[in-house]
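Please examine the sequence together with the three-dimensional model shown below.

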Amino acid sequence: MQFTVAIDGPAAAGKGTISKAVAAHFAFAHLDTGLLYRAVGRRVLAGEDAVSAAADLAPEDLARDDLRNAQVAQAASKAAALPEVRAALVAFQRDFAARDGGAVLDGRDIGTVICPNAQVKLYVTASDIVRAERRYIELVARDSATTRAGVLADLKARDARDSERATAPLRPAPDAVVLDTSDMDIAAAVQAAIAVVEKARGDG
Ligand code: C5P
């Protein structure tokens, strides 16, 4: 059975947490597509060309534990604006989505470009301030020099680059269900997402 759940949205809106929980609930596979771009960004920071890094990404690149920092995030979003980088990553994402047993993919262009025929499309968002605070809490635990103002500025720069790029800009698909998590805790946001998937599957 093929069943694709596409979850898009800006940074730190909660889509990673929601995607993992939805995948676990339905026993679907999960792909965090941001990791692909982060892995490319990290290789660019190490001196490589973005397009060749995207063309030969290996599983080891995705398993590294240094992909979730602000510097890699910015490098990822710069590399992600290059059409050749995006093109090199399409087949892997589509193959993942087409696997038997159901798949959840989260990113920026899943419902619009990668899986326009996904059975469920969610666009998860939250206010800038709420997103920055969530990301601050996550980053300060690893680096005590992290500041709220710095995190907010980074998020805004990345959102602007992701939404304004010519290829696959961040935006909700016309048929996406928009989930604003600004005033929701994790459990409520996950429950809301599960309800959308259950409805699409014809459950209960
Ligand atoms: O989701 P995450 O914050 O890990 O993504 C890092 C960057 O990768 C984003 O800011 C965006 O530029 C890029 N990205 C993308 N398309 C996706 C997933 C991520 O352009 N499907």
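The following paragraphs describe the ligand and its surroundings, and then several individual residues.

This is a predicted model, in which local features need pLDDT of at least 70 and side-chain atom pairs count only at pLDDT 80 or more, while totals for chains, interfaces and linings use all residues. Residues are numbered from 1 along each chain as its sequence is written, and side-chain values use heavy atoms, with hydrogens and water left out.

The ligand is surrounded by 15 residues, where a residue is counted as near if one of its heavy atoms lies within 4 Å of the molecule. The closest of these are Arg38, Arg86, Arg158, Asp162 and Arg165. By class, the shell holds eight charged, four polar and three nonpolar residues; here Asp, Glu, Lys and Arg count as charged, Ala, Val, Leu, Ile, Met, Phe, Trp, Tyr, Cys and Pro as nonpolar, and the others, Gly among them, as polar.

Which side-chain atoms lie 2.9 Å from an atom of the ligand? A polar side-chain atom of Thr33 lies at that distance from a nitrogen atom of the ligand, and a polar side-chain atom of Arg165 lies 2.9 Å from an oxygen atom of the ligand. For Asp162, an N or O atom of the side chain is 2.6 Å from a ligand oxygen atom.

The space taken by the ligand is the largest pocket. On a 1 Å grid over the protein atoms alone, a pocket is an open set of points with protein on both sides within 12 Å along at least five of seven lines, and a molecule sits in a pocket if more than half of its atoms lie within 2 Å of its grid points. Helix H2 (34–45), helix H5 (70–79) and helix H9 (148–164) are the elements that give two or more residues to the shell around the ligand. The largest share, three residues, comes from H2. Helices (H or I, at least four residues) and strands (E, at least two) are DSSP runs, numbered from the N terminus.

Phi of Ala12 is near 60 degrees, and Ala12 is placed in the loop between strand E1 (4–8) and helix H1 (15–26). Ala12 counts as buried because its relative accessibility is 12%, buried meaning under 20% relative accessible area, exposed over 50%, and partly exposed in between (1.4 Å probe, protein chains only). Phi of Ala27 is near 55 degrees; Ala27 lies in the loop between H1 and strand E2 (29–32) and is exposed, with a relative accessible area of 62%.

Ala11 and Thr181 are 170 residues apart in sequence, with their C-alpha atoms 12 Å apart in space.

Ala118 belongs to the loop between helix H7 (110–114) and strand E4 (120–125) and is buried, at a relative accessible area of 11%. Its C-alpha atom is separated by 4.9 Å from that of Thr4, although the two residues are 114 apart along the chain.

Arg131 lies in helix H8 (residues 128–140) and is buried, with a relative accessible area of 2%. Its side chain makes a polar contact with the side chain of Asp159 at 2.6 Å. A polar contact is a pair of N or O atoms within 3.5 Å; within protein, one must be able to donate a hydrogen and the other to accept it, and residues adjacent in sequence count only if both atoms are side-chain atoms.

Terms used
On a 1 Å grid over the protein atoms alone, a cavity is a set of points where a 1.4 Å probe fits but cannot get out, and a pocket is an open set with protein on both sides within 12 Å along at least five of seven lines; lining residues have an atom within 4 Å of a point.
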